[in-house]
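Please keep the sequence and the model at hand while reading.

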Amino acid sequence: RSALAAAALSAALVAVSAFGAAAQDAGTAKVRVLHASPDAPAVDVYADGAAVLTNVAYGVISGYLEVPAGDHHIQVFAAGADAATETPVIDATLTFAADTMTTVAATNSVDSIEAQVIADAPAPTREAAQIRWVNLAADLPPVDVAPDGGDDLLTALTYPAASEYLTFAPGQVDIELQPSGAVSGWVAYNPGGVLVAGGSSYSEFIIGAHGDGAVRVVTAIDETLPPPSAFVRVLHASPDAGNVDLWIDEEPVATDVPFGTLSSYIELDGTHHRFQIYPTGTDPNAEDAPRYISTILFLSPGQVGTLIASNTVDKIQPIFVNDAPGVVTDKTQIRVINLVPDATAIGAGKIGKDAFVADLGYGQASAYLPLPGGKQRLVVDVTGESGGGTLEVDRFDAPKGHAATIFVIGSVAGEAVDAVVGDDDAGED
């Protein structure tokens, strides 16, 4: 069996070299192992003399192992065998090229065991799922793969061929394995359905012994896209707090940030993150270190928002707003947020035109409002208990299809009201 397996592996190496075995000295490759020999015992897998997988049962596929690109001595023993004294059932050198993904499958009956080296080339997209089928049942005649009761997806899939990846909507995919042509005594195998998700690529390995009526499918995830990032920017809008340092998840992100500064969007994974704001020069590890803000944001994948340090320093507070303008292609979209603690009302409009925002109280944000795209000349009216005034916003460009927020900051009593304009488009600043 060892000689037969080695010969089979040598033949399989042709497939490996076909998709590039040149990068021997650099980079890594991903390799996984599938036990698809229906009457073989559980096995241990060795690579370069070291056990990498133990007690792998029939029908089990490992996760991907990251290995240095190049040649590797692969041996497969019956589970529990002494690798120093017993003969492996598979013994060969395989070459894995850099940046490739490969499935190595032990197939056929144990007295004719052979290895198949299958190139995995997933290319998942976030909106859809990918599935391919691989026929690893050695005695199975060519099969057609079809949805239950539907038209064929694949025809005449032979052992040991792999199909191309096909695209499916996320959800349940049910298929039948039908004989490709007339096969006496065989109608179809129904291996059941698989639930697939957008952003993932799958392989369905057809394994078993047709002669025993025991053909089934092993489903493996080839690749899954990471969840979309979240994007958060930070605005220092506390008028008397002085310069500050920003930390995220106990790491410094920005130092000596002056009042009125709006950061670029910071890319984060869509989980929870701690944001801390200190007076500039503070050692966060020092006992009794002064701290203005410490808050945890629970972010969702794809979320975009702004964290604002607002109010006077004795009342400083975090305000978080989502930046989600929606899609409007023929207009620009403008939003106004009142961050002036002593302003009782704020209005805004284009110069010489009626106001499009009125009576906006402290901490409130207007809806996104559509305006003609291009250079914007806006005026903000501020009313407070100690007075008020009119602020002309510096001319800024907001073309069609884009969105912007006008953050009104400062103090009415201090006669220092200003506006900070931020571009809100999907984390691009």
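## A hairpin

S23 and S24 form a hairpin with six residues between them, and Asn311 in the turn has a positive phi of about 80°. Strands here are DSSP runs (E, at least two residues; helices are H or I runs of at least four), numbered from the N terminus. Strand S23 covers residues 304-310 and strand S24 residues 317-322; the two pair in the antiparallel sense over six bridges, where pairing requires that DSSP finds at least two bridges between two strands. Opposite Gln317 in S24 stands Ser310.

## Basis and confidence

This is a predicted model, in which local features need pLDDT of at least 70 and side-chain atom pairs count only at pLDDT 80 or more, while totals for chains, interfaces and linings use all residues. Residues are numbered from 1 along each chain as its sequence is written, and side-chain values use heavy atoms, with hydrogens and water left out.

The chain has a mean pLDDT (the predictor's confidence in each residue, from 0 to 100) of 89, and 93% of its residues reach 70 or more. Over residues 1-24, pLDDT stays under 50, and the model has 43 contacts for them beyond four places in sequence; a contact means heavy atoms within 4.5 Å. Where pLDDT is low, the predicted coordinates should not be read in detail.

Another open sheet of four strands has the order S11-S10-S13-S14 and antiparallel pairing. Its edge strands, S11 (154-157) and S14 (193-196), each pair on one side only. S10 (residues 143-147) is joined to S13 (residues 171-179) by five bridges in the antiparallel sense; Val145 has Leu177 in S13 as its bridge partner.

## A lining of nonpolar residues

The lining of the largest cavity has twelve nonpolar residues, one polar and no charged. In this count, Ala, Val, Leu, Ile, Met, Phe, Trp, Tyr, Cys and Pro are nonpolar, Asp, Glu, Lys and Arg are charged, and the others, Gly among them, are polar. Strands S1 (28-36), S2 (43-47), S5 (70-78) and S7 (101-107) each supply at least two residues of this lining.
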